[in-house]
Amino acid sequence: MWSHGNFYWNELMTHDVQRSKKFYENVIGWQFEPMSMDGMTYWVAKEDGDSVGGMFEMQGPEFETVPEHWTSYIAVDDVDGRVQKAVAAGGKALREPFDIPNVGRIAILRDSVGAVIALITPTS
């Protein structure tokens, strides 16, 4: 169960998913389970059978200059409303709210000092 204002998910965006998977398998002991999503493979990191994070490979020209990074998702009661509040508070919507079936409604923001954060209203 999720609650508003808590960190909900963490996701690694990488240019080399196999190398990243091997690193976290060796260092943390995670196992990875593939999941098909929008024509790509999304890797769910598992610890003792529990989903603890995700990973996907950045492919395409829009990602050429984007460095590997982790993105944290904060659960919120209303993504659309919270994006409006973020913009009014000096933030910027980098990706307007969108839906991922069976996951939730998501938006990617840059906060008022430039840090990137994601908001999610998880599917019940």
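Student: Where is Asp48 found?

Tutor: This is a predicted model, and in it Asp48 is found in the loop between strand E3 (40-47) and strand E4 (50-57). Its phi is near 55°, a positive value in a residue other than glycine.

Student: And is Asp48 buried or exposed?

Tutor: Asp48 counts as exposed, because its relative accessibility is 69%, and the cut-off for that class is over 50%.

Student: Which loop holds Asn102?

Tutor: Asn102 lies in the loop between strand E6 (92-100) and strand E7 (104-110). In this hairpin of E6 and E7, which has 3 residues between the strands, Asn102 takes a positive phi near 65°, and with 75% relative accessibility Asn102 counts as exposed.

Student: How are E6 and E7 joined?

Tutor: E6 and E7 run antiparallel and are joined by 6 bridges; one of the residue pairs is Asp99 with its bridge partner Arg105 in E7.

Student: How many salt bridges does a search of the whole structure find?

Tutor: A search of the whole structure finds 4 salt bridges. Among them is the one between Glu33 and Lys46, with the closest N and O atoms 3.8 Å apart. That pair links distant parts of the chain, since Glu33 sits in strand E2 and Lys46 in strand E3, 13 residues apart. Lys46 counts as buried, because its relative accessibility is 16%, while Glu33 counts as partly exposed at 42%. Another salt bridge joins the side chains of Asp77 and Arg82 at 3.0 Å, N to O.

Student: Changing topic, in what order do the strands of the sheet come?

Tutor: The open sheet is formed by 8 strands in the order E2-E3-E4-E1-E5-E8-E7-E6, and the pairing is mixed. E2 and E6 stand at the edges, each with a single partner strand, so one side of each is left without a neighbour in the sheet. Neighbouring strands of this sheet are turned by 25° against each other on average, direction ignored.

Student: What about the helices, which strands does H1 touch?

Tutor: H1 packs on the sheet and touches E1, E2, E3, E4 and E5, its direction making about 150° with that of E4. Helix H2 (residues 79-88) lies across E6, E7 and strand E8 (116-122), and runs at about 10° to E7.

Student: Back to E1, how many bridges join E1 to E5?

Tutor: Strand E1 (residues 7-14) is joined to strand E5 (residues 69-75) by 6 bridges, and the two run antiparallel. Within this pairing, Trp9 has Tyr73 in E5 as its bridge partner.

Student: Which residues does Phe7 touch, not counting residues up to four places away in sequence?

Tutor: With those left out, Phe7 touches Ser72, Tyr73, Ile74 and Ile117. Phe7 is found in strand E1 and still counts as exposed, with a relative accessibility of 58%.

Student: Last one, which residues form a nonpolar patch on the surface?

Tutor: Phe23, Val27 and Ile28 form that patch, with about 280 Å² of accessible area together. Of these, Ile28 is placed in the loop between helix H1 (17-27) and strand E2 (31-37), and Ile28 counts as partly exposed at 44% relative accessibility.

How values were computed
Residues numbered from 1 in each chain as written. Predicted model: local features only at pLDDT ≥ 70, side-chain atom pairs only at ≥ 80, totals over all residues. Heavy atoms only, no water. Helix = DSSP H or I, 4+ residues; strand = E, 2+ residues; numbered from the N terminus. Buried < 20%, exposed > 50% of the residue type's maximum accessible area, 1.4 Å probe, protein only. Patch = residues over 30% accessible without salt bridge, like charges linked within 9 Å, V, L, I, M, F, W, Y side chains within 5 Å. Areas by Shrake-Rupley, 256 points an atom, 1.4 Å probe, with all protein chains shown as cover. Pairing = 2+ DSSP bridges. Axes fitted to C-alpha atoms, helices over the stretch in contact; angles between N-to-C directions. Contact = heavy atoms within 4.5 Å.
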